[in-house]
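Here's a quick walk through one model, going from its sheet to its helices and then to a pocket. Have the viewer open while you read.

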Amino acid sequence: MPGGRLTQQERQQIALGMADGLAYAEIARRLDRPTSTITREVMRNGGPTAYRADLAHRATERRAHRRRQTAPRGPQAPEQADGRDAQAVREYEEAFTTLLMQQGLPKMMSRVLTCLYTTDAGSLTASELVQRLQVSPASVSKAVTFLAGQGLIRRERDERRRERYVVDTDVFYQGMMAAARSNAQLAETARQGVGLLGPDTPAATRLENIARFVDFVAESIARAAEQARDILYTKPEHTKPETTSDGTATPSPGRG
């Protein structure tokens, strides 16, 4: 799999693929690149509806030039500890941020949320976020206000009375339940159309089938979220694989 930056020709191929309605994965396969590379490229350069190869290439060159010319002037983001590959972690954080952006979260909010999720403590102060993300305090303030308002993070005071921003693991459960409620509302609205359009019409049949499908999905999501909620608060079991007489590893037993 080739590494390095995308070439201008590759960006033109991405633009052609987007124009043809190809999925990111298919474009990546044709270029022999990771799907995450194509996703990041498109999302940071206008998104799927506004991506242009020439503009994307010039923007990348400008960013690279600024990085070369700008000398560090303030406290830099801390180096990765615990033997982690700093470059690999940065790439993972960028991919996670891009995924959150694809799901509708603004860029700065996505960066802050990713930073909190990938921090061992699961919480940071505003100044720590500024240092890690190398952005202005105003940008962090706006992002955390938005995230707290959406219930994606919460605020608390530490022993030094500093305000910390914390990712609440339970937010995934709450998000799933909200999705279930939203789907239930969609099913109810679809069924209202059945009576309005007439039970024997093709349109009513279509809406009834949509309602039945969405009802089933909503109930399944709610039931699964309730059953799996405890998983959010358990530590993964890291078991050492057993070995056979010839030294090969045997699969670990599954969890019940």
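This is a predicted model: local features need pLDDT of at least 70, side-chain atom pairs count only at pLDDT 80 or more; totals for chains, interfaces and linings use all residues.

Three strands line up in the order β1-β3-β2, making an open sheet with antiparallel pairing. That leaves β1 (123-125) and β2 as the edge strands, each pairing on one side only. From one strand to the next, the twist averages 30°. As a general point, strands of a sheet pair through backbone hydrogen bonds, either parallel or antiparallel.

Here are the two pairings side by side:

| Strand pair | Sense | Bridges | Example of residues paired |
|---|---|---|---|
| β1 and β3 | antiparallel | 3 bridges | Ser123 with Val166 |

How many residues sit between β2 and β3 in their hairpin? There are 5 of them, and Arg161 in that turn has a positive phi of about 65°.

Helix α7 (residues 126-133) lies across β1 and β3, and runs at about 95° to β1. Helix α8 (residues 137-149), for its part, lies across β2 and β3, at about 110° to β2.

Over to another helix pair. The axes of α1 (residues 8-19) and α3 (residues 35-43) come within 11 Å of each other and cross at roughly 85°. Angles of 65 to 115 degrees count as roughly perpendicular, so α1 and α3 are roughly perpendicular to each other. On the α1 side, Arg11, Ile14 and Met18 make the contact, while α3 brings Ile38, Glu41 and Val42. By class, this contact has 4 nonpolar and 2 charged residues, with no polar ones.

Finally, a look at the second largest pocket. It holds about 450 Å³ of space. Its lining has 14 residues, and the closest to the centre are Leu100, Gln103, Leu113, Leu152 and Phe172. Which elements give two or more residues to that lining? They are α5 (86-102), α6 (107-117) and α9 (171-197). The largest share comes from α9, with 4 residues.

Technical notes: Residues are numbered from 1 along each chain as its sequence is written. Side-chain values use heavy atoms; hydrogens and water are left out. Two strands pair if DSSP finds at least two bridges between them. On a 1 Å grid over the protein atoms alone, a cavity is a set of points where a 1.4 Å probe fits but cannot get out, and a pocket is an open set with protein on both sides within 12 Å along at least five of seven lines; lining residues have an atom within 4 Å of a point. Grid points are joined across faces, edges and corners, and a volume is the space filled by probe spheres set on the points. Axes are lines fitted to C-alpha atoms, for helices over the stretch in contact, and angles run from 0 to 180 degrees between N-to-C directions. Angles under 35 degrees count as roughly parallel, over 145 as roughly antiparallel, 65 to 115 as roughly perpendicular and the rest as oblique. Contact means heavy atoms within 4.5 Å. Ala, Val, Leu, Ile, Met, Phe, Trp, Tyr, Cys and Pro count as nonpolar, Asp, Glu, Lys and Arg as charged, and the others, Gly among them, as polar.
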